[in-house]
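Q: I have the sequence and the model open side by side. Can we walk through a few pieces of the fold together?

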Amino acid sequence: MPTSGSVANRNGLIETQKKQNRVCDEGESTPTVKAQTIDELHSLQRKKSAPTTPNGSQSNLFNLSEDQRHKQQLQSISASLASLTRETGPKVVKGDPARRFEAPRVAHVSHPRVTPTIAVSDSALKFTHVLYNLSPAELYEQAIKYEKGSFITSTGALATLSGAKTGRCPRDKRVVKDDVTEKELWWGKGSPNIEMDEHSFMVNRERAVDYLNSLEKVFVNDQFLNWDPENRIKVRIVSARAYHSLFMHNMCIRPTPEELENFGTPDFTIYNAGQFPCNRYTHYMTSSTSIDLNLARKEMVILGTQYAGEMKKGLFSVMHYLMPKRQILSLHSGCNMGKDGDVALFFGLSGTGKTTLSTDNNRYLIGDDEHCWSERGVSNIEGGCYAKCIDLSREKEPDIWNGIKFGTVLENVVFDEHVRDVDYADKSVTENTRAAYPIEYIPNVKLPCVGPHPKNVILLACDAFGVLPPVSKLNLSQTMYHFISGYTALVAGTEEGIKEPQATFSACFGAAFIMLHPTKYAAMLAEKMQKHGATGWLVNTGWSGGSYGCGSRIKLPYTRKIIDAIHSGSLLSAEYKKTQIFGLEIPTEVEGVPSEILDPENTWSDKKAYKETLLKLAGLFKKNFETFTNCKIGEDNKLTEEILAAGPIV
């Protein structure tokens, strides 16, 4: 029986009619809506739109018709998915296969006629539906309908599971070593770049593309990296999961409708076939997981892991290769800006307080993790934030807490089955629980995410040995030395017999992602700091008065006072004295900080133990730096003696 306001005519059409004599109509005329089916009637609810990035320019004047634009997009995507071995791929159709009534309105792309050979596969006869740059709402629907383990939490975020791998697999990451990359990239001891050859990459690429082509539908994201419009990179992500598509929608920069229609050929493409394993008998493979970069082909292949962070960090590695070629420094850092336009960079490994200290209600956030420093200033590489969630609370991290809402991806969290409240302290799935959300979810973000040249470069270390000063002013050589070292210390573990802190070093504070030798990035950093008058600082957020277990951690309010003094410039005019061994310049006074803690030796009751611990840490620094002392950059450029002299003198 038709409901009130609709009638069924003799032809079976459903006609919705305007109710008569309604005051709210105010004389407006409403045309009758005709639909062949209920699905068609429901389709009228959906208004065509395109994703946007805040503060981006939008235009309603399109040069191409919608059909022409669709055809252009499909041709580009079809070329991406073509099987190189068989010279073709499936016929690509835009749209959800579940909405088959819409299919006749979309013309598929016809492939050039080729002479049939035994190499032609049946896959060339099938259709693969492309779900192109879907909105978060559409991706929610896809995930909840078709991906087991996807749920909406009480705050509106999408909770999902990344499968067996709940973190990155650096030992399974491979880079194609060819005549060019052999000379340009950092290989050997200490390097994150593990080689593979072109043939092995093509085997894995073919395996990934074949898997994606075998699916009824794939998700395609066309997006940007780098908020600097002159140096942005166009990336395409082809994936099998709605979760991966939403993750990259959040983490990359979202194009405006005009930018999307003129997107063209991407500069780099990811094939994420993470649900499918690699062939372990393929040369260079050591497990069923492989994350492969081919810089010459501008492609990345993911097999055997569904952890979304592999895509984010894989693209960061690509930027670490591409940007220095343009004399742009790529940085694994946080970045914020004061109301007067003063920019600060924050470098630090996990646990040093990088996120906490770069998030400041009195300053604008440019980005929390990945940046570029060009002749135009700094720019965020990403369009979102990827925050750790373990033990998250509203009190400790209000910005992250409030950012977990509709559109946010929550990875591997545990929640109440009924009310869907997340228990952030629960580590049942993994300790590496994560939230990925658009950067505009942060209230004090600066949009667009660009700023002038940095005024301060802050290197953070959580020194669990308790011998580094709370703050030190660095000269250029010292900045290069400590930037290359990338030091922090981990507190003693729970294993029996481990009672001392453990030093850890990560070159450029992100060794897992750099592509060139660390001294390349350090030299660029020093050159830019010198040219633009930036000051380097080493800030210890770790222990004072003794090592972990004896001393106490430096209070966060004291560290914030130190950071405030750096931002204001008042610390530049302070009086300084030089420490032993490391030769660090430490201030004698900082407003709001007890003067006695500024020199770590003052806080140790056992002076002998202090000197022994200081010498021990200095020895660890020197041992770590042995990796870099005899390295050649390119063919004949050796590490400078100035950087070596800036290290500790034992």
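Q: Which residue caps the N-terminal end of α15?
A: In this predicted model, the cap is Asp-606, which places a side-chain oxygen 3.2 Å from the backbone nitrogen of Lys-608.

Q: And what distance separates the end C-alpha atoms of α15?
A: They are 32 Å apart, which agrees with the 33 Å that the 23 residues of α15 (607-629) should span at 1.5 Å a residue.

Q: Which residues of α15 are buried, and what do they pack against?
A: The buried set includes Tyr-610, Leu-614, Leu-617, Phe-621 and Phe-628, and the buried residues pack against α11, β29, β30, α12, α14 and α16. As a general point, residues three or four places apart in an α-helix point the same way because there are 3.6 residues a turn.

Q: Switching to β13: how many of its residues are buried?
A: Five of the five residues in β13 (290-294) are buried, so the strand is largely enclosed by the rest of the structure. Ser-290, Asp-292 and Asn-294 lie on one side, with Ile-291 and Leu-293 on the other.

Q: Which strands are joined to β13 by bridges?
A: β8 (173-176) runs parallel to β13 with three bridges, Lys-173 being partnered with Ile-291, whereas β14 (299-303) pairs with β13 in the antiparallel sense over five bridges. β13 and β14 form a hairpin with four residues between them, and Lys-298 in the turn has a positive phi of about 60 degrees.

Q: What's the strand order in the open sheet of five strands?
A: The order is β6-β7-β22-β25-β21, with mixed pairing, and the edge strands are β6 and β21. Five bridges join β21 to β25, which run antiparallel, and Gly-384 stands opposite Pro-438 in β25.

Terms used: Residues are numbered from 1 along each chain as its sequence is written. This is a predicted model: local features need pLDDT of at least 70, side-chain atom pairs count only at pLDDT 80 or more; totals for chains, interfaces and linings use all residues. Side-chain values use heavy atoms; hydrogens and water are left out. Two strands pair if DSSP finds at least two bridges between them. Helices (H or I, at least four residues) and strands (E, at least two) are DSSP runs, numbered from the N terminus. The expected span of a helix is 1.5 Å times one less than its number of residues. Buried means under 20% relative accessible area, exposed over 50%, partly exposed in between (1.4 Å probe, protein chains only). Contact means heavy atoms within 4.5 Å. A polar contact is a pair of N or O atoms within 3.5 Å; within protein, one must be able to donate a hydrogen and the other to accept it, and residues adjacent in sequence count only if both atoms are side-chain atoms.
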